[in-house]
Structures are given as structure tokens and as C-alpha cells.
Amino acid sequence: MTESQPDAEDFDSVGRYVTDTICAANPDYAQLPAAVLVDVVETNVQNARIYLHAVAHQSQPTSQELASLADAARRRVRQGVPLEGMLRAYRIGARAMWEKFSESRPDLDPHALTDYTLRYIDWVSSEAERAYLAERDNLLNSKLEATRLLLSRIVADDFHTADERNAAVRSLGLNPEQPHVTVVIGPTRRASTTVDALLLELLQTCRRLIPGATSALTRRGVVILVPAAATSGIEALVNQALRQSKAGPDDVSAGLSRPAPTAEGLAAAVHEAERARTLGEILFPKRGLHTYEATGFFDLFRQGTPVDTFVATVLGGLGGTERTSKVDLVHTLYVYFTLGMNRRAAASQLGIHPNTLDYRLRQAAKTSGVDLTSPERSFRFQLAVRLLPLCTQTAELEDKDELTQFLVE
């Protein structure tokens, strides 16, 4: 610290003194690298010139006059100095300048010096804070865009070599040799309006709940890569994000992949998460989150003629009666099978007496010729009712639209 008392024009000495005082009292400046420290000293030299002019003339500096300090504030962002630390530095610095100039400039009115020192702190802090926040937003936006572009390349597996892929994954702060689970959140087919605002909200929520993940809003929706070897904890966090969101199951849905062992499997994991969303919206429309582990079995059955023919063959022979329509029979089978063939639970969900359930099962067995109370013998019917929403052709199953209505109620 400089021991000599600077005269009014010894701004270099004042700048060093102010910097020494700041570093001694502000932990955020205590261990600055040498190059940054030189920058801080030069800034405080300019700061001392602007301060003395303001208090001597009792005038507020213009934005143009404070431009050098605004530039310094933008540099502090890139140098890693936190905002509060920088603002505290200006408060400490103003106090240090007041001490020096009150000693070296007896010609200054002490009351005006004190008054304009307090005003100067507000003026310079406001200008520096605006510049700091604007620069931080610019850097954040640049980082977000870089993350979005890298994630888009990983999803498309747009790399010539494994080394290029691994380098991209490392650029996102992830380890390409460790497992990752992928989450994709996007609009449902039932969404009536654009959901961009909801997706942005969900992106921010997921970043808060899963801080170790890498995420971005892409054309596919929100894509999240989570370093994890299992899905259970992630499933709970995504469900929490969906609950906190204003979005409902008719607006957005989320898909969760199985863990991809290495970076090589990340593109496939994204497609798994997307496929889980697609199948989950069909099979479980009331749910917001769909895991590939729960829907993967149905991914074996692609929409098309084979599925249509199978469903029509198995369910087409069911016949209703005056008491029970064909829709009632299929609805009964769907609930009965999805509840593990539990009679009481199925009757309760259907809102019917267990005896009525038994009657419907007997009617379905009579028209199909299959004992539907036997897990082994009824397998084809269990599969058919779950594949029913995947049907695309309805010629052989005229009641298909009505039959699937209960799946979305």
C-alpha cells in the first residue's frame, strides 16, 4: 500500500491505494490474477479522475464519462468477479477516494465532498451494474446457443468420428465414458396452442431441479442429458417439474430413455425418449411422463397392417348383447387386464358390481371361445386391447374410434 500522500493530480497513486484498500477488505478481489489486478488498478485510476471531477464541480457524470467504468464492469463478468463483489468494490473504493482527497484537497468543501461521495456511489454502481448484467446476459445467451447447437448435433449423431462426438460431449461438461439418461419434453398431439412459453418454463425448472444435467430448447422440444446410471431418481424430478408447471397432460408430455452407457448411445437414447412420448401419449394419455422401460414392449409393434390385422382378428369377434355392448366388453377387458386381472379392483374402477364384471367376462369368453380368466390363454386379448390405440385402419374394426374413447377419458 502506498504510504505517501498523493496530491490532487497523482491519480496513479490514488488508483493503487484504492485497489489495495479494496483487495484488503473484499474477499472477491483478494486473490485476483496479476493481469486482472493490473486492469483493476487502471480502472481505479480512471475512477479517481471521474470522482474528483464530480465532487469538485458538484455534478453528476454522464454515461459517456462513465463509459470506461462500464467497460470495466463488462470485463469483470468475463474475469469471474461476482456482481455483488464488484458493487462492494465501488463502495469501498469511493470511501478510500474520499479519505485521500479530503486530505490532499483542503480546497474542497468537506460537506460537499461527503454528499457527492454518497451520490457518486449510487451513480457509478448503477452504471456498472447495468453494464455487468447486460454482458452476463449476452454471455449466457451465447452459452445457451452453443449448448443448443451441440445438443442438436449429438441428437443427430452428426460426427465423423467417435473422437469428435466425445469432444462435443466434453464441451457440454459431460463425461463421454459415463452413462446418461435422456429426457425429451415436447407438445402433445392434443395441444391446442403453441407451448413455447411452457417449454421454456419447464427448461428453467428442470435446470433448477437437476443442476448437474445439460439441457436446451431445440426443435424437438426440451432435451436434457442427465449423468446417471438409473432412471428412478430422474423420473421423480421430471414429474416434480411437470407438477410445478402450468402445463397439463394435454399440453406437454415427457419421455425418459434407458441409460446410455457411453456417448455413442446418446442419439439412440434421445430417440428412445421420443418414442416413449409417442407411445405413452397413446397408451397412457392421462400421464405426463412416459418411460421407455414402461412402453418399450409396445415399440416392437409398429403402426401398420400387421397390428391392424392382429387387433381386428382378436377383438373383431367379440359380440355384445342387449345388456352389454361391444364397447363395454373391450373397456372391461382393458381395465381387467391392466389391473392385473384383479376382479375387485377392476369392478371398482369400472363402477360396476363384481357380479356384473363376471357376466361381461363370461360373455367375452363365450363369443371368443377363450377362457379370459387364464393369464396364459388370454395373452392375445391382453395384447390386442393395449395395441388398439395403435391401429390406423378401421375397416375390419368399425367400432375402433368408439372403442378407444375410454382410453383418453
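A cavity, as the word is used here, is a set of grid points where a 1.4 Å probe fits but cannot get out. In this predicted model, the structure holds one such cavity of 30 Å³ or more.

## Overall composition

The secondary structure of the chain comes to 17 helices and five strands. Of the 409 residues in the chain, 49% are buried. Among the contacts with a separation of 6 or more, 70% are between residues 24 or more positions apart.

The five strands form an open sheet in the order 2-3-1-4-5, with mixed pairing. Strand 2 and strand 5 (289-291) stand at the edges, and because each has a single partner strand, one side of each is left without a neighbour in the sheet. Neighbouring strands of this sheet are turned by 15° against each other on average, direction ignored. Helix 8 (residues 196-209) packs on the sheet, where it touches strand 1, strand 2, strand 3 (221-227) and strand 4, and its direction makes about 175° with that of strand 2.

Strands of a sheet pair through backbone hydrogen bonds, in either a parallel or an antiparallel manner.

| Paired strands | Bridges | Direction | Residues standing opposite |
|---|---|---|---|
| Strand 1 (residues 180-187) and strand 4 (residues 252-256) | Five | Antiparallel | P187 and V252 |
| Strand 4 and strand 5 | Three | Parallel | G255 and H290 |

Strand 4 is mostly covered, since five of its five residues are buried. In a regular strand the side chains alternate between the two faces of the sheet. Within strand 4, V252, A254 and L256 point one way, whereas S253 and G255 point the other way, and all are buried.

Is D196 buried or exposed? With a relative accessible area of 55%, D196 is exposed, because the term applies over 50%. The C-alpha atom of D196 is separated by 8.6 Å from that of G221, although the two residues are 25 residues apart along the chain.

## The cavity and a pocket

Rolling a probe the size of a water molecule over the atoms shows where empty space is left. In the largest cavity, that space comes to about 110 Å³. The largest cavity is lined by 13 residues, of which Y29, T43, N44, R76 and Y90 lie nearest its centre. Helix 3 (34-57), helix 4 (67-79) and helix 5 (83-104) are the elements that give two or more residues to this lining. By class, the lining of the largest cavity has eight nonpolar, four polar and one charged residues.

The second largest pocket holds about 250 Å³ of space. Its lining has 14 residues, and K143, L144, T147, T214 and S215 are the closest to its centre. Which elements each supply at least two residues of the lining of the second largest pocket? They are helix 6 (110-156) and strand 2 (214-218), and the largest share, six residues, comes from helix 6. By class, the lining of the second largest pocket has eight nonpolar, four polar and two charged residues.

Terms used
Residues are numbered from 1 along each chain as its sequence is written. This is a predicted model: local features need pLDDT of at least 70, side-chain atom pairs count only at pLDDT 80 or more; totals for chains, interfaces and linings use all residues. Side-chain values use heavy atoms; hydrogens and water are left out. On a 1 Å grid over the protein atoms alone, a cavity is a set of points where a 1.4 Å probe fits but cannot get out, and a pocket is an open set with protein on both sides within 12 Å along at least five of seven lines; lining residues have an atom within 4 Å of a point. Grid points are joined across faces, edges and corners, and a volume is the space filled by probe spheres set on the points. Helices (H or I, at least four residues) and strands (E, at least two) are DSSP runs, numbered from the N terminus. Ala, Val, Leu, Ile, Met, Phe, Trp, Tyr, Cys and Pro count as nonpolar, Asp, Glu, Lys and Arg as charged, and the others, Gly among them, as polar. Two strands pair if DSSP finds at least two bridges between them. Axes are lines fitted to C-alpha atoms, for helices over the stretch in contact, and angles run from 0 to 180 degrees between N-to-C directions. Contact means heavy atoms within 4.5 Å. Buried means under 20% relative accessible area, exposed over 50%, partly exposed in between (1.4 Å probe, protein chains only).
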